[in-house]
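Please read it alongside the sequence and the coordinates.

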Amino acid sequence: MPNRLAEATSPYLLQHKDNPVNWWEWSEEAFEEARERGVPVLLSVGYSACHWCHVMAHESFENPETAAVMNDRFVNIKVDREERPDVDSIYMEAVQAMTGHGGWPMTVFMTPEGKPFFAGTYFPDRPHHDMPSFGQVLEAMSEAWETRRDQVQAQAEQLVGAISSLIPPGPPISGEQLDAAVQTILRTFDATFGGFGSAPKFPQQPVLDFLLRARGAHPSVDEPLRFTLHRMADGGIHDHLSGGFARYSVDRKWLVPHFEKMLYDNAQLARIYLWAGIELEEDRFLRVARSTLDYLLCDLRHPDGGFFSAEDADSEGEEGTFYVWTMDEFGDVVGEDAEEAATYFGLTPAGNFEGANILHLDPGSDEPPNLERITSRLREHRSTRVRPGLDDKVIASWNGLAIRALAEAGAALGDSLYLEAAAKAANFVRSEMFADGRLQRSWREGVASGNGFLDDNAAMALAFFALFQATGEEVWYHHAISLVDEFSRFANEDGGFFSTSDDSEELIKRPQDLTDNPLPSGNAMAAEALLIASLLTGDIDRRDAAGSALAGVGRLAEQYPSMVGHHLGVAWAMNTGTKEVAIVGDDRSSLTAAYWSGYRPYSVLAQSSGPTQAIPLLAGRTSDNGIALAYVCRDFACNIPTSSPTDLVAQLSEKEQPLPQRG
């Protein structure tokens with residue numbers, strides 16, 4: 001008989017609806033039940049594409065004996081971290097404080113007031129490598145609650161105190177700090193295999209974007225960036241048949257992925273490969289950007305335009321089954337090209353993953369002349385396999401990342417397909433994911449999960465700004481500004497932003513997410529959106545608010561710059577100098593193409609057929625008797641307008657001195 005999760009909207013929670021565990025969704029009713037029964041709460045947090053979440057579910061939550069202990073001695077709450085990032089972030093801090101590391105599934109034991117007293121991640125069904133079994137943990141937590149409750153509650157109070165302190169704001173991030181951050185990051189560069197640090201190896205998209213932004217002042221960035229992007233594209237982390245990237249590599253070589261494919265990873269990587277391809281003049285990177293975006297459009301798109309969240313790591317009960325090949329199967333499918341193709345994709349009889357092969361490329365591999373035919377055959381055969389599970393909820397912030405990538409790709413590559421997809425997704429969000437004027441966190445089958453968090457509002461503001469800059473359609477500007485105005489609901493009076501709004505459910509603390517790995521934090525994206533809004537409107541208060549949000553990570557920037565890559569990228573813009581560009585005229589395509597011919601994260605574009613008072617940057621801007629003109633401005637002081645695309649690029653390439661810091 002299904003449990004309470006049968007009524008959930010989350011695909012992850014629905015995966016657990018037939019467990020013998022009496023699961024609750026996160027709710028006040030669940031905690032009231034714990035108080036009435038006088039038992040602790042067991043919180044389990046995960047997400048639908050998580051392999052080890054599936055393992056723990058199969059080993060423990062589907063086991064009737066284990067479930068009986070859970071039901072008798074605890075109130076059990078299951079949370080989808082993607083629907084409730086506020087709950088996830090708070091209790092992940094507790095896990096990290098107690099264990100020194102984090103991850104999913106997350107397992108937290110707490111008082112009926114929601115205060116954690118013991119936390120961990122995956123627990124096996126039997127003792128393993130100094131790790132207790134989940135059954136042993138249940139027994140120990142129950143015994144401690146029954147016999148040492150005062151001590152347990154005191155420990156919970158201490159832990160809440162430890163995770164409740166906020167990082168105090170510091171001075172603005174200086175140019176010297178930014179230069180030092182570049183050098184600190186480069187010292188962790190893996191010159192043998194690319195990337196930063198060792199296994200497990202994540203793409204670290206915000207760090208890659210920061211380095212791309214900083215390369216003009218630091219030419220030494222180019223080769224590590226180029227090498228990393230090539231090696232990631234070579235590796236098994238990259239799907240060589242259908243495009244897209246897995247979440248991370250379990251090894252240093254980018255060979256063996258953790259096979260789930262997330263919308264947020266692929267949206268960010270598509271954008272990075274796009275701009276790196278243009279800036280580093282690497283056609284291969286542009287092909288990777290296109291194939292990644294095409295993966296989103298083909299495999300992660302709702303028929304009405306929004307984007308689903310993820311594809312699972314598992315199919316047919318095993319991780320990676322959909323993606324790997326034996327030599328025999330590969331040869332049967334490829335046919336006469338099999339020997340050459342096997343060499344190209346690195347196949348061996350022994351395999352590189354549990355007796356099978358993950359397709360990958362050795363650096364400098366010669367491309368077979370019949371590669372298109374080879375990949376077509378492999379792709380067609382793979383499509384007959386059981387696909388990994390699809391998490392078909394639509395998350396606002398992740399859709400914002402995808403819409404931004406598509407809009408910028410459409411403008412930079414001159415591809416109307418990407419622009420149309422971006423607009424369709426944005427219209428989906430506008431029509432399906434707003435309630436009473438408030439952006440919702442997620443949507444599935446017509447049901448929204450509740451008001452969005454800071455990252456939802458900030459990412460969608462950036463997406464709407466990108467669509468406005470790419471198309472000149474004024475409606476996107478107004479949608480973006482309305483979301484920027486929503487940031488006041490999240491403001492911290494000491495500077496920066498909380499993750500939750502001022503009318504959100506009260507938790508044991510109000511979360512403030514300041515780290516950018518692998519997702520840009522809401523705080524960083526809000527700072528960027530405020531900066532863009534200030535450049536388009538001339539509102540200096542918004543620029544100051546952006547600086548205040550960035551100041552909150554000054555200490556992290558000095559010690560752990562890889563944790564705040566997106567913050568650093570926005571700070572680089574504010575330290576280096578920004579430009580406002582207005583392009584006006586009916587036939588402005590050559591000028592807008594010139595603007596989009598390079599990565600310009602330190603400028604904004606407003607384009608229109610004529611002047612408009614609705615957008616301050618376009619107010620009073622006119623064409624020259626029908627000839628389109630471009631106005632390049634800084635702090636609303638403008639150069640002589642130009643009709644020459646070459647001159648526009650030259651003006652945009654001029655280095656500016658930083659603006660003085662405001663007191």
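## Charges over rings

Arginine 81 lies over the face of tryptophan 104, at 4.0 Å from the ring centre, where a charge is taken to sit over a ring if NZ of Lys or CZ of Arg is within 6 Å of the ring centre and within 35 degrees of the ring normal. The charged end of lysine 261 is likewise placed over a ring, that of tyrosine 295, at 3.9 Å from its centre.

The model is a predicted one, in which local features need pLDDT of at least 70 and side-chain atom pairs count only at pLDDT 80 or more, whereas totals for chains, interfaces and linings use all residues. Residues are numbered from 1 along each chain as its sequence is written, and side-chain values use heavy atoms, with hydrogens and water left out.

## Aromatic pairs

The structure holds 29 aromatic pairs, a pair being two rings of Phe, Tyr or Trp (its six-membered ring) whose centres lie within 6.5 Å, with planes under 30 degrees apart counted as stacked, over 60 as edge-to-face and the rest as tilted. One of these pairs is formed by tyrosine 47 and tryptophan 104, which are edge-to-face at 6.1 Å centre to centre and 85° between the planes. This pair links distant parts of the chain, 57 residues apart, since tyrosine 47 is in the loop between β1 (41–46) and α3 (51–61) and tryptophan 104 in the loop between α5 (85–99) and β3 (106–110); helices (H or I, at least four residues) and strands (E, at least two) are DSSP runs, numbered from the N terminus. Tyrosine 47 counts as buried at 1% relative accessibility, while tryptophan 104 is partly exposed, with a relative accessible area of 24%; buried means under 20% relative accessible area, exposed over 50%, and partly exposed in between (1.4 Å probe, protein chains only).

The rings of phenylalanine 322 and tyrosine 323 have centres 5.1 Å apart and planes at 90°, so this pair is edge-to-face, and both residues are buried. Phe74, Phe109, Phe118 and Phe123 form one aromatic cluster.

## Salt bridges

A total of 48 salt bridges is found in the structure, each being a side-chain nitrogen of Lys or Arg within 4 Å of a carboxyl oxygen of Asp or Glu. Arginine 84 and aspartate 86, both buried, form a salt bridge in which the closest N and O atoms are 2.9 Å apart. Aspartate 190 and arginine 252 meet in another, at 2.6 Å from N to O. Aspartate 190 lies in the loop between α8 (175–186) and α9 (205–214) and arginine 252 in the loop between β5 (248–249) and β6 (257–258), so the pair ties together parts that are 62 residues apart in sequence. Aspartate 190 counts as buried at 5% relative accessibility, whereas arginine 252 is partly exposed, with a relative accessible area of 35%.

The side chains of arginine 441 and aspartate 456 also meet in a salt bridge, at 2.8 Å from N to O. Arginine 441 is in the loop between β14 (438–439) and β15, and aspartate 456 is in helix α18 (residues 454–471), so that the pair links distant parts of the chain, 15 residues apart. Both residues, arginine 441 and aspartate 456, are buried. Salt bridges that share partners also join Asp209, Arg213, Arg271, Arg404, Glu408 and Glu528 into one network.

## An open sheet

An open sheet is formed by 3 strands in the order β12-β15-β16, with antiparallel pairing; two strands pair if DSSP finds at least two bridges between them. β12 (394–395) and β16 (447–448) stand at the edges, each with a single partner strand, so one side of each is left without a neighbour in the sheet. Strand β15 (residues 442–444) is joined to β16 by 2 bridges, and tryptophan 443 stands opposite alanine 448 in β16.
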